[in-house]
Amino acid sequence: MTGDVLEDEVPRRLRAERERRGISVRELARRLDVSPSAISQIETGRARPSVATLYAIVTELGMSLDELFDHDVGRRPGPDDDGGLGRAVVRASARESLDLGTGVRWERLTHNADPNVDFLFVTYDAGGASSPDGQLMRHSGREYGVVLTGTLRVTVAFETRELAPGDSIWFESTSPHRLSNEGDEPVTAIWMVIGRHGSDPRASGFAPASN
């Protein structure tokens with residue numbers, strides 16, 4: 001597996017895009033309803049964002065997840081690539097990865113950038129979650145997932161289900177949701193988000209969890 005790119009590439013790219021758009025740290029923090037110090041710590045690599053926070057930042061900046069993973073965003077197979085499937089196959093040992101806050105790891109399952117789909121192998125460590133306790137996230141798109149190992153707790157629109165290995169789910173990402181591992185062993189799953197770049201006025205910010 002390639003090294004974690006969060007330590008240098010992700011903070012640098014987030015900051016570069018924010019500055020390119022002429023948005024101050026304080027203004028971005030205001031739009032996302034977080035503290036300016038939280039944005040600053042993420043951009044300098046001193047803190048890892050949660051899934052919810054990273055989605056909120058890249059959505060606000062109009063970025064794709066591929067721009068955080070990939071060094072050659074938008075590159076398509078060319079005549080010099082290794083055969084018709086040479087650029088389509090991603091070996092398990094060559095996946096690019098992001099270790100996020102709150103115990104979540106994303107591994108990208110596509111080699112080339114795809115603006116329409118986020119296709120990921122995800123790991124939730126014991127106690128890991130897509131957002132902190134008391135918060136649900138929402139954004140544009142539709143999500144599809146299948147659990148491979150462990151038990152994943154999925155809350156969508158304040159309704160909670162436990163997914164065991166082999167169980168699958170889909171839901172509209174505009175519905176407030178939270179994914180978490182309440183067990184003692186890691187959870188792994190294949191996850192796909194389609195249409196995250198769609199425009200939907202409901203698809204921003206966070207919602208309080210109903211406990």
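Leu65, Asp66, Phe69, Arg108, Thr110, Val117, Asp118, Phe119 and Leu120 line the second largest cavity. A cavity here is a set of points on a 1 Å grid over the protein atoms alone where a 1.4 Å probe fits but cannot get out, and lining residues have an atom within 4 Å of a point. The elements that give two or more residues to this lining are α5 (66-69) and β3, and β3 gives the most, with four residues. Helices (H or I, at least four residues) and strands (E, at least two) are DSSP runs, numbered from the N terminus.

Before I continue, a word on the source. This is a predicted model, in which local features need pLDDT of at least 70 and side-chain atom pairs count only at pLDDT 80 or more, while totals for chains, interfaces and linings use all residues. Residues are numbered from 1 along each chain as its sequence is written, and side-chain values use heavy atoms, with hydrogens and water left out.

The lining of the second largest cavity divides into five nonpolar, one polar and three charged residues. Ala, Val, Leu, Ile, Met, Phe, Trp, Tyr, Cys and Pro count as nonpolar, Asp, Glu, Lys and Arg as charged, and the others, Gly among them, as polar.

How much space lies in the largest cavity? The value is about 120 Å³, where a volume is the space filled by probe spheres set on the points, and grid points are joined across faces, edges and corners. Of the 14 residues that line the largest cavity, the closest to its centre are Val51, Tyr124, Glu143, Leu179 and Trp191. Here too β3 gives the most to the lining, with three residues. By class, this lining has 10 nonpolar, three polar and one charged residues.

Let us now consider helix α3. Within α3 (residues 36-43), Ile39, Ile42 and Glu43 are buried, meaning under 20% relative accessible area with a 1.4 Å probe, protein chains only. They lie on the same side of α3, because they cover an arc of only 95° around the axis, taken from the directions from the helix axis to the C-beta atoms. These buried residues pack against α1 (9-20), α2 (25-32) and α4, a contact being heavy atoms within 4.5 Å. Just after α3, Gly45 takes a positive phi of about 80°.

Finally, the whole chain comes to five helices and 11 strands, and 44% of its 211 residues count as buried.

Definitions and conventions:
On a 1 Å grid over the protein atoms alone, a cavity is a set of points where a 1.4 Å probe fits but cannot get out, and a pocket is an open set with protein on both sides within 12 Å along at least five of seven lines; lining residues have an atom within 4 Å of a point. Buried means under 20% relative accessible area, exposed over 50%, partly exposed in between (1.4 Å probe, protein chains only).
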